[in-house]
Amino acid sequence: MKREYLEILKEELVVAIGCTEPIAVVYAAAKASEVLGAYPEKVIIKCSGNFIKNAKSVEIPNGDGLKGILACVALGLVVKGSDKELEILQEVTKEQLEEAKALLEKNIITLEKLETSEKLHIIVECIKGKEHIIVELKRTHNNISKITKNNEVIYEENLQDDTLKGYSVDRSMMSVEGICKFVKEIDVNELKCLFEQVLAHNTEIAKTGLEKQYGNEVARTIAKYYGEENIYLKLKAMGSAGSDARMGGCPYPVVTVVGSGNQGMTCSLPIIEYAKYKNASEEERYRALAMGLLMSIHQKTGIGRLSAYCGAVSAACGAACGMSYLERGADVKVISDTVTNALSIASGMVCDGAKPSCAAKIATSLDAAILGHLMALEGNVFEVGTGLVKDDVEKTIAAVGTLAREGMQKTDEVILDIMLES
């Protein structure tokens with residue numbers, strides 16, 4: 001099992017610049033433009049509802065204030081560089097911005113809602129004369145699954161095995177006990193090479209979010225009015241600072257988890273900061289990060305990457321597990337109780353798209369998760385039958401997954417309808 005958990009971390013920790021939904025649109029559009037070899041006369045972008053929700057309101061990095069899916073398509077057509085995948089907007093010139101804006105003014109790009117069973121699914125069609133290119137991306141933000149040129153399939157990935165969701169390791173093998181065993185036994189040097197970018201990128205953008213004016217300055221407000229003397233308030237500020245910057249268009253890279261930069265930062269930054277507070281060794285810090293990130297991934301397996309359930313709740317719960325590790329090691333009981341408590345408090349927060357208020361949701365989720373962590377340290381855990389709490393932590397995690405995946409399906413549709421009215 002050790003290699004499987006390590007492979008999961010390798011697959012999940014992806015560097016991205018900007019919110020992953022709009023950047024995935026840029027990436028797919030760039031690939032279509034490259035295959036076409038010219039600017040198209042007409043572009044149709046089809047997105048699943050969750051994609052539309054998450055790409056609607058967030059600023060595009062290096063986009064000079066541009067927002068929205070149509071702008072993402074225009075930038076992809078101009079910038080190209082699909083080999084950079086989710087780091088595609090690392091460099092955007094003034095001339096490229098002007099070209100993208102000119103394409104938008106021509107009104108050649110149209111958006112359609114894609115009827116699909118996949119939550120994460122987009123199709124880009126580029127047409128020029130008799131040339132017709134279709135690029136399809138689904139299941140993960142950097143997974144181009146099919147390319148068609150003039151009705152001929154020139155690339156197609158085999159995604160027949162639905163259990164893998166585009167990955168090499170079936171996530172259903174994960175468990176709290178298995179994660180604890182992995183965290184205890186893995187050679188820390190194998191974690192170090194994975195987590196160096198997490199430490200560098202996520203910390204850098206969080207510092208920027210605290211130092212500069214981005215979004216609605218949630219982190220700066222927490223720091224100003226709540227103070228930073230209390231470590232738990234500092235954790236909330238750090239967790240939300242990166243989101244302030246990222247949702248506000250900061251062009252710095254972030255290491256994502258389960259396809260989300262906000263979740264990657266929510267899960268990692270509080271652990272990094274808490275490890276400093278505890279004067280933890282480098283080894284303890286890396287093992288705590290492994291605990292937090294894997295616990296976040298484990299929860300999201302049953303929920304799905306995109307849903308009506310705010311992913312900050314799962315990520316904050318993962319962060320709390322990393323904090324519990326720093327206090328009590330890979331103790332299955334303490335980690336399980338942390339999960340049970342955190343999910344009992346905050347499960348049900350809705351996702352209404354990626355936007356500046358995500359930073360506040362992160363702060364709220366961390367508040368709940370930290371309380372769950374502290375209760376677990378005191379030996380307190382919500383009893384079986386309390387809300388969604390079951391007699392086993394895996395059953396509790398599964399119950400929350402069912403709530404998010406099935407119970408909130410209609411909620412997801414209503415949220416999208418309301419958002420598209422504005």
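This briefing walks through the salt bridges of the structure above and then the surroundings of one valine. The model is a predicted one. Its salt bridges come to a count of 23, and three of those pairs are described below, along with a network that takes in Glu12 and Arg305.

- Let's start with Glu12 and Arg305, whose side chains form a salt bridge with an N to O distance of 2.7 Å.
- Glu12 belongs to helix H1 (residues 2-12), while Arg305 sits in the loop between helix H11 (282-303) and helix H12 (311-328), so this pair ties together parts that are 293 residues apart in sequence.
- Both partners, Glu12 and Arg305, are buried.
- The pair also takes part in a network of salt bridges, where Glu12 and Arg305 are linked with Glu11 and Arg171.

**Salt bridges within a helix**

- In helix H13 (residues 332-346), Lys333 and Asp337 are four residues apart, so about one helical turn separates them.
- The side chains of Lys333 and Asp337 meet in a salt bridge at 2.5 Å, N to O.
- Asp337 counts as buried because its relative accessibility is 7%, and the cut-off for buried is under 20%.
- Helix H16 (residues 409-421) holds another pair, Lys410 and Glu413, which are three residues apart, or about one turn of the helix.
- For Glu413 and Lys410, the salt bridge has an N to O distance of 3.8 Å.
- Lys410 is exposed because its relative accessible area is 55%, and exposed means over 50%.
- Glu413, at 36% relative accessibility, counts as partly exposed, a label for values between the buried and exposed cut-offs.

- Leaving aside residues up to four places away in sequence, Val43 touches Val73, Leu77, Ile108, Ile109, Thr110, Val124, Glu125 and Cys126.
- Val43 and Asn107 are 64 residues apart along the chain, and their C-alpha atoms are separated by 9.4 Å.

Definitions and conventions: Residues numbered from 1 in each chain as written. Predicted model: local features only at pLDDT ≥ 70, side-chain atom pairs only at ≥ 80, totals over all residues. Heavy atoms only, no water. Contact = heavy atoms within 4.5 Å. Salt bridge = Lys/Arg side-chain N within 4 Å of Asp/Glu carboxyl O. Helix = DSSP H or I, 4+ residues; strand = E, 2+ residues; numbered from the N terminus. Buried < 20%, exposed > 50% of the residue type's maximum accessible area, 1.4 Å probe, protein only.
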